[in-house]
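Q: Can you walk me through this one? I'd like to go through it piece by piece.

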Amino acid sequence: MQIKAALVLLVRSVAYVCATTLILCAVTLAQVTIAQISDTHIGEKRAPHAADNLKMAVQMINDRHPDAVILSGDIGENPEAWEKAKGILKHLKAPLYYAPGNHDVHSSDVDRYRGAFGKDYYTFRVKDVEFVVIDSELLGNFDSYDAKKPPPLPPATEEESERMLDWLGHLRDEGDTRTARTIIGIQHIPVFHDRGFPDPKPYWVINDPYRSKEMKLLHQLGIKHMLVGHWHNGRVFEREGITWHVAPSTSWLPWGGELGFATQSISPDGDVHTEFVPLPGATQ
Ligand SMILES: [Zn+2]
């Protein structure tokens, strides 16, 4: 009788250990970790230490072993600076995905970016999470920092804009997007201010009519989290059913805060937890 009880206990213990291991494995498999670098601004006069800071970020990110790295725009000020950035970023161990910023793509030169980096809007997959990279520079003209009203896009870029929105509208029918457990968006420019931050200029956000068009499509895709940059200030806020994760800059601080990068842990249920990682001792 005692032997039988001991056997039952043993079987139960083994079953418990197996179940726990399986659950742990499943959780580990579905957890996705991302490192987000933003606004590296190589070649920018206001950021003489931009290249050194980026090197530090690359090293710190490698130590953290993320599943993927994203660079959410304002990579460099000209094609030569892009090459310098690429030379530093090639030391990343995890795969790197770029999104263009308004210092990379202006109102009528998207082809130059495409020649250097490939597609400016596309999707990529990490485990069961689908990422949608959007070119926010096709959703407004951000050439003028001081513009009081959002300036229009030139007609040829307006056509590019319509093509991208059409692509975004049809993503739901595509296999990869359909089977993804979670869809996360990435773009340079946030769609909304954060309670007036940084300031009321249209330069800081996506403005109408693009804002309403984009928001409709993001909701259609079931996107609940957007990874963005442009503000050089790490913050997380919620607007219209989407959480906006703004990564800090590695290059310079027009609005205070700390130079650094962001990491995101994406849980199996699609929740995103952002941590801001400062670059110790970095100067702008
Ligand atoms: Zn920017």
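Q: Which residues are buried in helix 7?
A: Glu214, Leu217 and Leu218 are buried in helix 7. Buried means 20 or more other C-beta atoms within 10 Å of a residue's own, exposed means 12 or fewer, and partly exposed is in between, with C-beta atoms placed from the backbone. Helices (H or I, at least four residues) and strands (E, at least two) are DSSP runs, numbered from the N terminus.

Q: Where do those buried residues sit, seen down the axis of helix 7?
A: They fall within an arc of 100°, so they line one face of the helix. The arc is taken from the directions that lead from the helix axis to the C-beta atoms.

Q: Before we go on, what kind of model is this?
A: This is a predicted model: local features need pLDDT of at least 70, side-chain atom pairs count only at pLDDT 80 or more, and totals for chains, interfaces and linings use all residues. Residues are numbered from 1 along each chain as its sequence is written.

Q: Back to helix 7. Which residues are exposed on the other side?
A: Ser212 and Gln220 are exposed there.

Q: And what covers the buried residues of helix 7?
A: The cover includes helix 5 (155-170), strand 6 and strand 9 (242-246). Contact here means C-beta atoms, placed from the backbone, within 7 Å.

Q: What comes just after helix 7?
A: Gly222, with a positive phi of about 75°.

Q: Now the sheet. What is the strand order?
A: The order is 4-5-6-7-9-8, in an open sheet of six strands with mixed pairing. Two strands pair if DSSP finds at least two bridges between them.

Q: Which strands stand at the edges?
A: Strand 4 (122-126) and strand 8 (235-239) do. Each has a single partner strand, so one side of each has no neighbour in the sheet.

Q: How do strand 7 and strand 9 run, parallel or antiparallel?
A: Parallel, with four bridges joining strand 9 to strand 7 (residues 225-228). Leu227 has His245 in strand 9 as its bridge partner.

Q: Why does Pro202 count as partly exposed?
A: Because 18 other C-beta atoms lie within 10 Å of Pro202.

Q: Last topic, phi. What is the phi of Asp39, and where is Asp39?
A: Asp39 has a positive phi of about 50° although it is not a glycine. Asp39 is in the loop between strand 1 (32-37) and helix 2 (50-64). Most residues other than glycine have a negative phi.

Q: Is Asp39 buried or exposed?
A: Buried, because Asp39 has 27 C-beta neighbours inside 10 Å.

Q: And what about the phi of His232?
A: His232 also has a positive phi, about 55°, and is not a glycine. His232 is found in the loop between strand 7 and strand 8. With 25 C-beta neighbours inside 10 Å, His232 counts as buried.

Notes. Two residues are in contact if their C-beta atoms, placed from the backbone, lie within 7 Å.
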